[in-house]
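I would ask you to keep the sequence and the model open while I speak.

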Amino acid sequence: MEDSPGAEHLAFMQWAEGAGIKIKGITPARFPGRRLGMKATRTIKNNEIMLTVPVNLMLTIDSIPSSFTSQFPSGTSIHGILAAFLTHADPALLKDVDPWRRVWPSFDEFEDSMPVLWPEHLRVSNSSYGASSSSSSSSSSERKVLLPPSISGKWNSFSKEPVGADYETRYQNLLSQQEKRLQDAWAHVVTVYPKTEWKSFAYYWCIINSRSFYYVSPGKDEPEDWNDAIGMVPFADYFNHDDDADCDVTFDGTKYTFRATRRYEKGEEIFMSYGSHSNDFLLVEYGFFLPTNPSDTIYLDDIIFQDLTTAQKKELAAQEIFGNYTLPLPLSPSPSKPSTNSKSPSEPPSPIHSAATLKYLPRRDWRNYISGRSTHGVDEKKSATIIRGWVETYLSECVVTIGIIEGMLDQKDHEDGSGEEGKIGSRGWEREKLRMLLERWGQIRQLCEGVIGGLE
Ligand SMILES: C[S@@+](CC[C@H](N)C(=O)[O-])C[C@H]1O[C@@H](n2cnc3c(N)ncnc32)[C@H](O)[C@@H]1O
């Protein structure tokens, strides 16, 4: 078979069907740039169920023996325990999932794609675990940042001021958040298994990070950390991500079901959605980003914070609109529909419009505005000018960083010597990563320019 996924994948599919997974009209197949994915083997009708996976085949915190889970100190993440299980469990137990494990990507594939495993100079960030931590040499502060600010938490064109208020965000400082999760899990696991090999643990941690589904133990509340609402679903982890995938995914407590929400022709790739994620989030969590992504956005938090007084930041925090300032798309002040007339009070403005109007409205008017009671004093032109200024700051960062990356690429082109091309860490590999980062920065520039054009 010309596009056969390979013997280990066919063996796993057989194992899956034998174990009770129902596979209808789909098969794993190779797709350039995405490794494996799910392909229609025939026409699939709208509404047809393509896959069901019973819960008893899932790898979750409930499916591993309590004699194993109970060894870990309280505070160990579920993610960490699952990774420890795959690293250390009795081989007899793991034998059950051997056909599944054989189809997973290799450590090299993670090292290639996941920024958390890249060489230090490519992953400069504000992580206290990484190369740019305060414990490392002073040169770290001069290091150029190549990853986008949502990922790195750093900027080349200005230095960040301390925020000056409690600030929690799921979508900023992505790399340092991820490193913290990985390092905390590691620290807990080595208290039980001191001889754990870092590479094996990090490998399984990445496997779980990139292949898990949403799962909360029956009868339990959602975990405090949403990253711990996870479980591995065999075979379903072949689905690649698209933002608006035509595949409905449900879990009813006994099985995961995947249903087509349009007709597919034979040979088409079937995607599912991992969630409405920005490209920066996808790059950190999954090691790829999409060429076209309706959920892509950037965050202006760092820029806005340095443009506000401490009192203004406190006011925003008190109103619970502190941070997560995504680009104003659509350009209207209200998050879902434009507020066309000031007589009929409308929905509250988007967070970014709330921050912009705070800069010029008297406090009382501003509070009325953000609660949707009145638009008295709101001057759309003034707001647009403020927001445009913020986006222009982001655009300057794009120009600076694109220049840095192009300079590095130029230098690489002039360095002589060859060999080891493509090998992780080699010049060829690094060139490929720099080009990939350049592509991401190009997307960010387009996002900024689109908004600036729309605000003119
Ligand atoms: C759940 S797995 C999907 C199956 C995976 N492609 C494989 O070969 O095993 C998630 C991983 O697939 C890759 N992936 C998913 N969606 C992708 C996409 N749209 N483009 C490129 N890679 C994608 C990423 O490496 C991601 O970490």
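I shall discuss the ligand site, then one serine, and finally the salt bridges.

A word on conventions. The model is predicted: local features need pLDDT of at least 70, side-chain atom pairs count only at pLDDT 80 or more, and totals for chains, interfaces and linings use all residues. Residues are numbered from 1 along each chain as its sequence is written, and side-chain values use heavy atoms, with hydrogens and water left out.

Let us begin with the ligand. How many residues surround the ligand? There are 15, and the closest are Arg34, Leu36, Arg211, Asn240 and Tyr286; a residue counts as near if one of its heavy atoms lies within 4 Å of the molecule. By class, this shell holds seven nonpolar, four polar and four charged residues. Here Ala, Val, Leu, Ile, Met, Phe, Trp, Tyr, Cys and Pro count as nonpolar, Asp, Glu, Lys and Arg as charged, and the others, Gly among them, as polar.

Arginine 35 places a polar side-chain atom 2.9 Å from a ligand oxygen. For histidine 241, a polar backbone atom is 2.9 Å from a nitrogen atom of the ligand. Tyrosine 286 has a backbone N or O atom 2.8 Å from an oxygen atom of the ligand. On its own the ligand has 560 Å² of accessible area, of which the protein covers 88%; these areas come from the Shrake-Rupley method with a 1.4 Å probe, and for residues only the protein chains shown count as cover. Strand 3 (35-40), helix 9 (198-211) and strand 7 (240-241) are the elements that give two or more residues to the shell. Helices (H or I, at least four residues) and strands (E, at least two) are DSSP runs, numbered from the N terminus.

Next, serine 278, found in the loop between strand 10 (269-272) and helix 10 (279-286). Is serine 278 buried or exposed? Its relative accessible area is 8%, so serine 278 is buried; the term means under 20%, with exposed over 50% and partly exposed in between (1.4 Å probe, protein chains only). A polar atom of the serine 278 side chain lies 3.2 Å from the backbone nitrogen of phenylalanine 281. Beyond its neighbours within four places in sequence, serine 278 is in contact (heavy atoms within 4.5 Å) with Asn293, Ser295, Asp296 and Thr297.

Finally, the salt bridges. The criterion is a side-chain nitrogen of Lys or Arg within 4 Å of a carboxyl oxygen of Asp or Glu, and by this rule the count is 22. Aspartate 307 and lysine 359 form one, at 3.2 Å from N to O. This pair links distant parts of the chain, 52 residues apart. Aspartate 307 is partly exposed at 32%, and lysine 359 is partly exposed at 32%.

Glutamate 315 is buried, at 8%. Its side chain meets that of arginine 363 in a salt bridge of 3.2 Å, N to O. Glutamate 315 lies in helix 12 and arginine 363 in helix 14, so this pair ties together parts 48 residues apart in sequence. Glutamate 315 also forms a salt bridge with arginine 367, at 2.8 Å, N to O. Arginine 367 is likewise in helix 14, so that pair joins parts 52 residues apart in sequence.

Notes: A polar contact is a pair of N or O atoms within 3.5 Å; within protein, one must be able to donate a hydrogen and the other to accept it, and residues adjacent in sequence count only if both atoms are side-chain atoms.
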